[in-house]
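This report is meant for a reader who meets the structure for the first time.

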Amino acid sequence: MTEQTTTTAGAGEERSYDEYRVIQDLGGWKRSHTCSQLTAADIGKVVTLMGWVQFRRDHGGLIFIDLRDREGLTQTVFSPEEAPEAHERAHAIRIEYVVALRGIVRHRPEGMTNPSMHTGEVEVYVQEWKLLNTSETPPFPIEDRVETSEMLRLKYRYLDLRRPRLARNFILRNKAAQSVRRYLDGLGFLEIETPVLTKSTPEGARDFLVPSRMNLGTFYALPQSPQIFKQLLMVSGLDRYFQIVKCFRDEDLRADRQPEFTQIDIEMSFPDEEQIMGMAEGLVRTLFTETIGVKLPDAFPRMPYKQALDEYGVDKPDVRFGLKLADVKDIFAGGGFKVFASAPCLKALRVAGGLELSRKEIDDYTEFVKIYGAQGLAWIKVKEDGEWQSPIVKFFSEDEKVKLAERLGMVPGDIVFFQAAPVDVANAALGNLRLKLGDRFGLIDEKAFAPLWVTDFPLLEYDPEDKRWVAKHHPFTSPQPGQMDTIASDPGGALARAYDLVLNGNEIGGGSIRIHTPAAQKAMFSALGISDEEAEEKFGFLIEALKFGAPPHGGIAFGLDRIIMLLTGSKSIRDVIAFPKTQKATCLMTDAPNLVSKKQLRELGIQLREKAAEPGEKKAEG
RNA sequence: GGAGCGGUAGUUAAGUUGGUUAUAACGCCGGCCUGUCACGUCGGAGGGCGCGAGUUCAAGUCUCGUCCGCUCCGCCA
């Protein structure tokens, strides 16, 4: 930097402003306004603002500093005439410096207002200011319009959170939480905390375990949900409980799944489904009104689980648009086209306007459905002249063609996709293709919110891996009336008193009426292939409690993070969680999880296996 | 456990069929500038392409391995 001496004569000497970069105390200054508050009504007032430097525009003469806090931006002006000392020192100000400014609110000069700023009508003429802290140049710009890699954002999460879009998410999240508390408190629900160090109940998701120092060799588990505790609170007679509570599941992450997440957990005594669903609808409606001013329908539509799978291929249908699946198996049964005739399930999806899809797009969709186990993707295009263009129609009989056209209502311009596969595959492939096509053909109103109750879930489902029946919801869910007796004889046939709340294709809540008698609970465990001893060992305390006058009870839990994600239009749950984990469940900021000292392990009675002894470790050089 | 996409100055990205000293914009540092608001303008510094092998006369470009981030399947009562 000394190589080339400074340019022309007359140019000033290179200098440093370090002499002005002395950090000062607040010295009794108090903030009078946030950076989004000042309007024309405040003109003439002396105000004190504190915040971060968003932009500086140093004209040599006038210096403009846009000051930012979590609420917004305010333009401040340093003038060499009005406050020479303040102005001279202001040359040293840099982006993200923390400053306190005291000055007079003035109307901006004629034609100089900025309608794109909340505070764009006014500006603060700075009289004196304090440098509260300096800042290194941030690793990425603190602005919404600059996309930055998520790796960097997570490493410097505290800087990412300074960005207005993210900050707004947490302001809204707070609003939502307060709204929930107000609503439930108004209905007599008590907010009660339940343990975070609790008992491992290895039904369902993997538990996070915490070793016990005082009871060597034993472990607590972090709760996957406060399920059993909230039921016990009903036994205790506290009647109505809720909690905004962290839950933990040691499973793989997704855009909408974190290992620790927050539930709005609710339980009430003496309810039926209608009461719980009514209360839950009121909660969600209130939440939407009070946070984003959106009015949801007075009664949310409902759909049985079976219909959801039949018509939408998934158990959480996005009902913002149609495009339903159709079962066409009967048309081709016993026909000449073996692929269709012999399929365990044959479903079709007719898309109006699909004729315009290119070969490439169809190929892409074919690749897409393979994710869900599909072998391929058959299709028929109906050309403008009514002729069918397709690699497979030559195998169809006239009768089959007529019936198919009638069943699906095929008209020129359409494309029809087929899935001949096991029912799970056909549903998943076409159900997810449906979402993609809804997007491709602009069928989804991005501003709409379409809630839907999915009801009448099966009580049990078969787990081919464990070769046993497992609870679809959880093992405390009550079967529908009269079905307790048939569980043993027809485990797959029983329906549960369970309900999920789906919003725009996202599961945002789910609950059930619980089993509240010991006999029924034992019958349930038995249907799940859990022996009496095992049930006693794992859930004895619950069965015991049910013996002492447990009232009928039920409840629901909402995924708060997912709701906030929808309210803020965020693409990832990470954008509504202050300090989220990466897909490998690590924290890039703190480096958790980390190794711990031998001493810590010794105290816990834990010895780590040698890494080299790990099985599956192959490809050694030798 | 598996599939796909990505990793190049502080940041965001470009980088032809492998070919001289690796581009640009923004940011940063400094000069000038009294009405800007993503200020303008002039000048400057800054990377060897995630990491490790290999192929080649030659690798950011090809191969293999590995690490990290993201999306998805499995998993998530």
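In this predicted model, RNA strand B is surrounded by 62 residues, and the closest of these are Glu-81, Met-112, Tyr-125, Ala-471 and His-473. Of the atoms of RNA strand B that come within 4 Å of the protein, 53% belong to sugar and phosphate. The residues of this surface divide into 22 nonpolar, 18 polar and 22 charged.

| Residue and atom | Part of RNA strand B | Distance |
|---|---|---|
| Arg-249, polar side-chain atom | phosphate oxygen | 3.0 Å |
| Asp-252, N or O atom in the side chain | base nitrogen | 2.6 Å |
| His-474, backbone N or O atom | sugar or linking oxygen | 3.3 Å |

The elements that give two or more residues to the surface near RNA strand B are β1 (46-58), β2 (63-68), β5 (122-133) and α2 (150-155). Which element provides the largest share of that surface? The largest share comes from β1, which gives four residues.

Strand β1 also belongs to a closed barrel of five strands, which runs in the order β1-β2-β3-β5-β4 and has mixed pairing. On average, and with direction ignored, neighbouring strands of this sheet are turned by 55° against each other. Strands β1 and β4 (residues 98-107) run antiparallel and are joined by seven bridges, and along this pair Leu-49 stands opposite Leu-101 in β4. In general, the strands of a sheet pair through backbone hydrogen bonds, in either a parallel or an antiparallel sense.

Strand β6 pairs with β9 (residues 240-248) in the parallel sense over two bridges, and Leu-190 stands opposite Tyr-241 in β9.

Arg-89 is placed in helix α1 (residues 84-90). Is Arg-89 buried or exposed? Because its relative accessible area is 12%, which is under the 20% limit, Arg-89 counts as buried. Leaving aside residues up to four places away in sequence, Arg-89 touches Tyr-20, Gln-24, Trp-129, Lys-130 and Leu-131.

Some values describe the chain as a whole. The secondary structure of chain A comes to 16 helices and 22 strands, and the C-alpha trace of the chain spans about 95 × 75 × 70 Å along its principal axes. Chain A has 622 residues, of which 46% count as buried. Among the contacts in chain A with a separation of 6 or more, 68% are between residues 24 or more positions apart.

Terms used
Residues numbered from 1 in each chain as written. Chains lettered and ligands numbered in written order. Predicted model: local features only at pLDDT ≥ 70, side-chain atom pairs only at ≥ 80, totals over all residues. Heavy atoms only, no water. Near = heavy atom within 4 Å. Polar contact = N/O pair within 3.5 Å; in protein donor to acceptor, adjacent residues only side chain to side chain. Nonpolar A, V, L, I, M, F, W, Y, C, P; charged D, E, K, R; others polar. Pairing = 2+ DSSP bridges. Axes fitted to C-alpha atoms, helices over the stretch in contact; angles between N-to-C directions. Buried < 20%, exposed > 50% of the residue type's maximum accessible area, 1.4 Å probe, protein only. Contact = heavy atoms within 4.5 Å.
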